[in-house]
Amino acid sequence: MDILALLLDGFSIAVLPLNLALIVGGCFAGTLIGALPGLGPVNGVAILIPLTFAFGLDATSSMILLSAVYYGCMYGGRISAILLNIPGDEPAIMTTLDGYPMARKGHAADALAISGVASFIGATLATIGLTLFAPLLAKAAIYFGPADYFALYVMAFTTIGGITGTDPRKTLLAAMLGLMLGTVGLDPSTGVARYTFGSFHLYDGFDPIVALVGLFAISEILFFLEQKAHGGGLVPPGSVFPRFSRIKEGLGASLRGSLIGFIAGILPGAGASLGAVMSYSFEKRISDRGSFGKGDPRGVAAPEAGNNAASGGALIPMLTLGVPGSGTTAVMLAMLISLNIQPGPLLFERSPDLVWGLVAALYLANFVLLILNLPLIGLFTRVLGLPAWGLMPLVVAISYLGVYAITHAAFDLLVMVGFGVLGFVLRKLEFSLVPVVLGLLLGMDMENNLRRALSISGGDFTILVQSPIAIGIYAVTAGFLVLSLWLSKRSPPQMA
Amino acid sequence: MTDRLAGLFFFVLAAGYLWLSAGYVAGFGDPLGPAVFPRVIGIPAAILGLSLAIWPSHNATWAGRAGLLRQVAAMGLLLGYALLLEPLGFVPASFAAILGLSLLMGAPPLRGFLTAALAAPGLYLLFDRLMGLPLPLIGEMLG
């Protein structure tokens, strides 16, 4: 088995003392970030990126840290969902539906254990899926030409908003805005300074890291200042020891949820939230006999397995195609690009240490998370008592010191605040931020692929629609666009 | 209403973006030139912006008077923090920013003060001394 040998090599990298420490630390920090309302995987990972640069971690170790945090957030999001009725992050919304009622009935320990085991099943199955399918997709992607990549980027921008029921025009506009911001700076091929307005600060363009810390971390502060506290009050976890009979009740739902979540994760743009929604509604459809929404263990297991599996699945398009499947993986892509590592099919040949070290680290992270989240759950529930006024200002200070440590320029701090305000206004207007980040990140590659395609054809634009791969991608894109237009007409928006 | 304004904003932005792209002249031997890609983005953005202005789909609700005031104050703090980080140094600037933000978020004054007084030097010690990120301890204005 080729894959097995590579995976073993990966494990030899993942168990290096530094990486092992990063896995444990990342899992712990991730669970904490996920558990705290207002901070989710995107903010958590965005705040950590400048720090990984500043500490000079190499790409493999940085990816291991961020992925451990990412997986950890998916576990942590459920804690406040179950105990407080406030989802720790967006994908945990579905977990509140049955998790909080279970806690109210005095079964909080059961709910936490069921969701912990479901998270483990979902994340582990998705990691196995990643191990098996990512190399296949990478092999297929080698045949992609520049025109096909251009088509792939068009698809990513069209579908990244997902089928969330928001106006698809807004998703596209957000992507265009990101692409416009991405063209600021010197054009790498011709050396023409574009949209710099004579400012030398802008010659290198906007640093995506600075932009996304602003978009995700700073905008959250402004958001926090306007919302009123909601939720149902902290339910004490009660008996510490869960009953294994209850955990067993959730097993089937976990397996089904994992499969659905994994598929949702691979689709570009869908991400963990959709994975959780789809898993929950599917489980409800097949096993509800009036108990869902009132504290059914299967209603806790399915969405948790779904969102954890989706986050594993979302790593596949990011690593193999360089096109992320969710907001958090878009942020990770930003980090790889900043470290001069171009994800895509060649990543598997050029940096097998990174890919397989990461995959092995994910297996280890899951076991670490299972241990952190079953016996040590009491520790995390205590954190929920921390007031937001003590926490959010620290997030601001860490964002500032992280960005300052990589840029050493007060100008970039102002840019970060500017992006924070932009992010806040866009979110208020129901524009999703992920397409903006994606545009900013992928704009240059999109332009370069267009350039390469045109230099092959001698300036003839019809090359863009000549390869069967590109035509296939455009067809899928068109189908997706029709579907999301139809959904946005049919149902009011459910998720921001 | 907010959608109409947003659509109009995007339309004007895209139009300005397109207008500026006309000034970027193609270099020698480049099949695309620096102006084509901005047009590929700008034209659909202008159309989409216009369509959103004509057929809006959503109206955002903003925070009440108190919420807006808090947000404006937070903006001021964030900008001040960015501008004063170098002149004042990390510890004093962070102390002021953390104190101000925690009060805005409803901290009891004494506990907010204690949080800021502990966190600002604490973050400095943790990140600069322990983990080796170079941060300005005392700015040029005080030192």
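**Note on the chain A–chain B model**

1. Aromatic pairs. A search of the whole structure, which is a predicted model, returns 15 aromatic pairs over all chains. In chain A, ring pairs join Phe144(A), Tyr149(A) and Tyr153(A) into a cluster.

2. Charges over rings. Two cases may be listed here. Arg427(A) lies over the face of Phe223(A), with 4.2 Å to the ring centre. The charged end of Lys170(A) sits over the ring of Phe431(A), at 5.4 Å from its centre.

3. Extent of the interface. The size of an interface is often expressed as the accessible area lost when the parts come together. For chain A and chain B this buried area is about 5,700 Å², and 80% of it is on carbon and sulfur atoms. Tyr195(A), Leu225(A) and Trp389(A) provide 15% of the area that chain A buries against chain B, more than any other three residues. Counted by residue, 60 residues of chain A are in contact with 67 residues of chain B.

4. Polar and charged links across the interface. Eleven residue pairs are in polar contact between chain A and chain B, with both residues at pLDDT 80 or more. The salt-bridge count between chain A and chain B is one. The side chains of Lys170(A) and Asp3(B) form a salt bridge, with 2.9 Å from N to O. Lys170(A) is also the residue whose charged end sits over the ring of Phe431(A).

5. Which element gives the largest share of the side of chain A that touches chain B? H18(A) does, with 13 residues. At least two residues of that side come from each of helix H3 (41–54), helix H8 (168–182), strand S2 (193–194), helix H9 (208–224), helix H18 (388–407), helix H19 (410–428) and helix H20 (434–457) of chain A.

6. Domains of chain B. The domain assignment divides chain B into domain 1 (2–54) and domain 2 (65–130). How far apart do the C-alpha centres of domain 1 of chain B and domain 2 of chain B lie? The separation of these centres is 39 Å.

Conventions:
Residues numbered from 1 in each chain as written. Chains lettered and ligands numbered in written order. Predicted model: local features only at pLDDT ≥ 70, side-chain atom pairs only at ≥ 80, totals over all residues. Heavy atoms only, no water. Domains from an automatic or database assignment. Phe/Tyr/Trp six-rings, centres within 6.5 Å; stacked < 30°, edge-to-face > 60°. Lys NZ or Arg CZ within 6 Å of the ring centre and 35° of its normal. Contact = heavy atoms within 4.5 Å. Buried area = accessible area lost by both parts, 1.4 Å probe. Salt bridge = Lys/Arg side-chain N within 4 Å of Asp/Glu carboxyl O. Polar contact = N/O pair within 3.5 Å; in protein donor to acceptor, adjacent residues only side chain to side chain. Helix = DSSP H or I, 4+ residues; strand = E, 2+ residues; numbered from the N terminus.
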